[in-house]
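Let's take a friendly walk through this model, starting with one residue and then widening the view.

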Amino acid sequence: MRQLILDTETTGLNAKTGDRLLEIGCVELVNRRLTGNNLHFYIDPERDSDPGALAVHGLTTEFLSDKPKFAEIAEQLREYCRGAEIIIHNAAFDLGFLDMEYSRLGWPPFMEHCSGLIDTLLRAREMFPGRRNSLDALCERLGVNNAHRTLHGALLDAELLADVYLAMTRGQESLVIDDGEGDESNDGVPREKISLRQFDLPVILAASEEVALHDGVLNGIDKGMKGTCVWRTEPTPPEGEAPAAP
């Protein structure tokens, strides 16, 4: 399962009125593991950034003036993303710019050559209704360290989003937002306990080789203690609770 976490920076907020891409960052996951096979481009957008956008990403026209134009990196981007599932936070925004750049080249929309799309903003709104679900808010909520993020950057944000996505989908039974003892947070708002049973979470089983290696380790422990290690004994259920069905 190959997934790409993708993020962009732009000259402004509206591709339809002439704003352009100026940075693209992609982080690769294969079977939910970071591979390090990432892709990153700075792009000459052939125009200045709006003051508000410049304050967010800090990439000046002078810095970008000697970078390749989108047409020069488009084929490499398309081949890198081909067949992968794409993960984006607020996908409508990034895809709007990518589709606009593709249309300038006479190409079909960006997602046409990809296998699927996950919008982590939409997922976060389902998991945390009524709460802030920006990337920074999710980092804080899920324990992802973003202290080094002073300005937005496409590759940095994609790396953070990869950690956020893995935390959101790691398959635990429930997600408790816990910031102290008791049933309320410091601002008096009840803390949430959100069941993840409602979500379609991936189940990744160990490969036969991994099972064999695990059994080998347990056999060594059994031999050393001349008995059966705790990992091969059934846990005793709490008093008053029936044992689990086989």
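## A covered loop residue

Thr11 is buried, with a relative accessible area of 0% (buried means under 20%, exposed over 50%, partly exposed in between, with a 1.4 Å probe and protein chains only). Thr11 belongs to the loop between strand 1 and strand 2; strands (E, at least two residues) and helices (H or I, at least four) are DSSP runs numbered from the N terminus.

Beyond neighbours within four places in sequence, Thr11 is in contact (heavy atoms within 4.5 Å) with Asp19, Arg20, Leu22, Pro45, Arg47, Asp48, Ser49, Asp50 and Ala53.

## About the model

This is a predicted model, in which local features need pLDDT of at least 70 and side-chain atom pairs count only at pLDDT 80 or more, while totals for chains, interfaces and linings use all residues. Residues are numbered from 1 along each chain as its sequence is written, and side-chain values use heavy atoms, leaving out hydrogens and water.

## Two cores

A nonpolar core is a set of buried Ala, Val, Leu, Ile, Met, Phe, Trp, Tyr and Cys residues joined through side-chain atoms within 4.5 Å. The largest has 25 residues, and those touching the most other members are Ile24, Phe70, Leu77, Cys81, Ile86, Leu98 and Phe110. Helix 3 gives the most to this core, with six residues.

Leaving aside neighbours within four places in sequence, Leu77 has contacts that include Ile24, Phe70, Leu98 and Phe110. Another core of 22 residues lies apart, with Ala124, Phe128, Val164 and Ala167 among them.

## The whole chain

The protein chain has eight helices and eight strands, and 39% of its 246 residues are buried.
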